[in-house]
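The stops below are meant to be selected in order.

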Amino acid sequence: MLPFTSALADDPITDIERIRISGNNNFNDGAFVSSSQGWVSGDTLVERPMLRTGEMLEFIPGMMVTQHSGSGKANQYFLRGFNLDHGTDFAVSVDGMPVNMRSHGHGQGYSDLNYVIPEAVESLSYFKGTYYASIGDFSGAGGARFALKNSLNGNAVHLTLGENNYRRGVLLNQVAIGEGRALSAIEYQSYDGPWTDVSEDIDKKNAMLRYVTPLLDGELSITGMAYDNSWNGADQIPARAVQSGRIDRLGSIDPLAGGETSRYSLSANYRSSQVTASVYAIDSDLTLYSNFTYFLDNPDRGDQFEQADDRQIFGGDIATTRTLPDMQDTQLTVGVQWRYDDIDNVGLYNTVARERVSTRRQDSIESLSYALYGQTHTHLTDALSLTLGARVDTLDVDVSSLLPDNSGSQNDTLLSLKTSLKYAVTEQATAFVNWGQGFHSNDARGAVISVDPVSGEPAQPAPLLVRSNGYETGITVTDERNYNLSASLWLLELDSELVYVGDAGFTEPSRPSRRYGVEVSAYYWLSQHINADIEAAWTRARFSDEVAGEGDHIPGTVPGVVSAGLSWYASSNRQGLSATLRGRYLSSRTVTGDDSVSPPSTFIVNGQLAYDWESWTVTLEVLNMLDSDDHDIDYYYASRLPGEPDEGIEDLHYHPVEPRTARLTVSLRY
């Protein structure tokens, strides 16, 4: 997908130097191998109204971002019929560092983006599908890479005030040091939220320090990042509690949910015309308190539980791209990746009022992966090019469990092949055909398990690496000036689905699946002052085997999504007054295997009014302008409230969208 490119200023002759690349996209022959691949500039990322940091990923056509609990934890991501439940089949990285967490306390692939400061992002590159040799684990639905800024146009400060005690401040600064430059970014955010009986009490602190300097024929960046957050969580609630008047739609059953998290990292990146390299060290910690079943398992003290994760991650990636000596029409990229997770503790504990009363499971894990990948891009003719890719991934895990029977080691190796054909139909239209193999890893604990730690019954281990196969054909049409259109038809098969378990709060391996769908997107500059876009996706997701009494629908999937926006600028150089209106629609979710329960669909409209002049900007955001009372997310499972039957009641559980709220931002550039 190639979201939109450029527009001329008012006078195409006298104002020719004021051409603005507004962009969502930058097409690079050879780099783009599918119609569902794209690039978004960092400046564009901060121009839309957003409720949460993770919504930066909504610039990916067909991606929707929501939340089922407090805003200090990872978001829910929906793409291509996946409830990616924090990241199960979508690989995300920031400045070369992986975001997805293997064998995480809250779920496999846990992806928290709250430590990213949007104003410090240079670009977002996205890769839907399984066709890219440089993306390995969690690549079923695709991947995304955030690049941080290497330079600033100027120093800036942003101050935001909003309803429910929303406060946010961001400071960006750059100074020259020798031949290089040092960039710093600091963010602080606090927020009480709109909830009836919970003050969310967000206390979010972010900092980034980055040094960039020329080195050899390229550029070296060294980056330190620090993030700390604590919050109270308004978790998902049972529909019957709202219908009966026990709580209102913004209420809670257990007001003591929440958590705290931190992330500290040091990384280095080198880029030249032929070599890219990165190395990183990350320290990550999460303590999360949840209660999804209330009084089902423990009628007296309640079912609150703690999920804990404490780890250090080390890794790197080096790749080189060369033109083959005797084949000037062929480029070859070869790379090596490695990652080591030293997980001191990943635990699940029963708690009362955030105090541990017993241990369900406690483990330490060592996880080592390494991969070799290669990709060639060849011009077969002036119009036709072929991309071939392959990667070999090996994962070794060692689990030391509090229950000795669940300790053990496991390893697996997987070869993945990829191929893409690209054909220039006309100067404006390009067609693509793709096939590729991807995979996701399963939790190391599930790969070595022999005894269920709660029931004591024998347990069947899951495979460590799970294959996926993707197929796609698509077309892009653009005049690189006034419009950009994209459409794709895709199919994806997984050997084993990762499914969210609502009454336990984690993901687990499930049955094989097959999903297919269609995605379309259109971006227009209707004039030098107005641009519009629309993105729509439809997916059919089913388990591909038959299990008596379970149905073939995959719980958590969203069959249809639509996102559309309209922006107006008083001046073509974007100074002065501007306005943006955006809507997003999520169809009714699939929450049961037989699809017998149909939650309501969700429709949200956000608006923004801004005035930009010289060194300052004032922006008013109105989020959920229509004050919708729809749902962010829905699950269907059994829970028990006081006075209900011991076996509980099967019910719809949902997290409401936040009511209409306004936020005012004043930005100063100096």
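Select Thr53 and Lys204: their side chains are joined by a polar contact of 3.2 Å in this predicted model. Thr53 sits in the loop that runs between helix H1 (42-45) and strand S4 (64-66). With a relative accessible area of 9%, Thr53 is buried. Now display what surrounds this residue. Beyond the neighbours within four places in sequence, Thr53 is in contact with Leu113, Asn114, Val116, Pro118 and Lys204.

Next, go to the largest nonpolar core, which has 54 residues. Which members touch the most other members? Select Leu57, Met63, Phe90, Leu113, Leu124 and Phe146. Strand S18 (residues 275-290) supplies the largest share of this core, four residues.

Center on Phe146. Not counting residues up to four places away in sequence, Phe146 touches Leu45, Met56, Leu57, Val92, Ser93, Val94, Asp95, Leu113, Val121, Ser123 and Leu124. Another core, of 13 residues, lies apart from the largest one; among its members are Ile365, Leu414, Val448 and Leu464.

Select Asn165, in the loop between strand S11 (156-162) and strand S12 (166-177). Asn165 is not a glycine, yet its phi is positive, about 60°. Its relative accessible area is 41%, so Asn165 counts as partly exposed.

Then move to Leu216, in the loop between strand S14 (202-215) and strand S15 (218-232). Leu216, also a residue other than glycine, has a positive phi near 55°. Is Leu216 buried or exposed? Leu216 is exposed, with a relative accessible area of 80%.

Note on methods:
Residues numbered from 1 in each chain as written. Predicted model: local features only at pLDDT ≥ 70, side-chain atom pairs only at ≥ 80, totals over all residues. Heavy atoms only, no water. Helix = DSSP H or I, 4+ residues; strand = E, 2+ residues; numbered from the N terminus. Buried < 20%, exposed > 50% of the residue type's maximum accessible area, 1.4 Å probe, protein only. Polar contact = N/O pair within 3.5 Å; in protein donor to acceptor, adjacent residues only side chain to side chain. Contact = heavy atoms within 4.5 Å. Core = buried A, V, L, I, M, F, W, Y, C linked by side-chain atoms within 4.5 Å.
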